[in-house]
Amino acid sequence: GGGGGGARPPPAEGTLVRVRVLSLRPGRGADVEIDGEAEADEHVPGHVPRRVHGRVHITEVTDAWEAAPLDRLAGRKRSRPAGDDGKIELTGAAASRLHAAVVLRSTSTDGRQRVELSLRPSSMAAYGDAPGEHARPLSPADLRAGQLVRGYVKEASGRGAFVSLSRELDGFVSLRHVSDAFVEADGVARLLPPGTFVLARVLRLAEGGANALPSLSLRQTDVEGGAIKTKLGFGDLKAGMRVSGVVRSVAEFGVFVRLHGGGQQRGEALDALCHASEAADTKLTDLHQAYAAGDAVRAVVLKTNPEKRQISISLRPSRLREAGGSDGGDSDGGVELEE
């Protein structure tokens, strides 16, 4: 229909759209144009207006944490970085290719539309921010001191490096936590160029005001768990949380596990029970053949009973995978702390 010159509203949050990638910003994400002829999701009235531009954050390109997610969008041919900001303009087939996306946030201020989108399948399935194992930390409240996190270097300088943990949350790595080896201040930017994929340990949550960022460490000794020892309290345990521990004893009905991270004083230790039905994905006729005192194990918290201070856990590999963990040696999150 016709109309005056007023700006049309941007697409609503949760709208499924198709986008073309216009340019890439290393360490930050992609600038996109929403295809004006794509239909909005059937339960959202109206159509997406033509030539609405938006951005896809680097952490919203893929569900998996990949070393170079923006390369998925670049295609084989692309122009050289243009300008001081290093923005890469796409050309050819890469610039005309359409990608499925979902609108995460949509605002219009003073006639300027700002649309944030995600290309992640889990976000599209949820019509918004991905839940469960694919969730990204959107605020410091989603983090715990001692936790392992993944992210992409946003920018680095002689002071340290800013790391994007999600579209909403950054962390900061100070110079002394960049590496176990000595790094000159003027060498940080060369060591950690924008877009570098990193695994980091959360040292401290944000302190000192609204603009404070969580403190992270990239030092191998910290990431491997050798330097960070954080107490875990009973109240910190939630259903679905991944934990680790050591088998204390095995009974006919289940496996008793002392969880890592609890204190050493009376009342601080965290002892959990895995019922026989949760000890494996297949039925075990004899738990003693699968577990023995002293075994290191990974588990998922099923439920807690604060009144009786009881902790129920599962050792089933399938539950670990569902919780985003591994039944092997790959640990990238959760509460898996050294004793």
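Visitor: What volume does the second largest pocket have?
Guide: The second largest pocket has a volume of about 630 Å³, taken as the space filled by probe spheres set on grid points that are joined across faces, edges and corners. A pocket here is an open set of points on a 1 Å grid over the protein atoms alone, with protein on both sides within 12 Å along at least five of seven lines, and lining residues have an atom within 4 Å of a point. This is a predicted model, where local features need pLDDT of at least 70 and side-chain atom pairs pLDDT 80 or more, while totals for linings use all residues. Residues are numbered from 1 along each chain, and side-chain values use heavy atoms, without hydrogens and water.

Visitor: Which residues lie nearest its centre?
Guide: Arg55, His57, Arg114, Val115 and Glu116 do, out of 25 lining residues.

Visitor: And how do the lining residues divide?
Guide: There are 6 nonpolar, 7 polar and 12 charged ones, with Asp, Glu, Lys and Arg counted as charged, Ala, Val, Leu, Ile, Met, Phe, Trp, Tyr, Cys and Pro as nonpolar, and the others as polar.

Visitor: Switching topic: which residues touch the most other members in the largest nonpolar core?
Guide: Val19, Leu24, Leu73 and Leu117, among 24 residues. Such a core joins buried Ala, Val, Leu, Ile, Met, Phe, Trp, Tyr and Cys residues through side-chain atoms within 4.5 Å, buried meaning under 20% relative accessible area with a 1.4 Å probe, protein chains only.

Visitor: What does Leu73 touch?
Guide: Leaving out residues up to four places away in sequence, Leu73 touches Val21, Leu24, Ala30, Val61, Leu90, Ala94, His99 and Leu119, with contact meaning heavy atoms within 4.5 Å.

Note on methods. Buried < 20%, exposed > 50% of the residue type's maximum accessible area, 1.4 Å probe, protein only. 1 Å grid on protein atoms, 1.4 Å probe; cavity = no way out; pocket = protein on both sides within 12 Å on 5 of 7 lines; lining within 4 Å.
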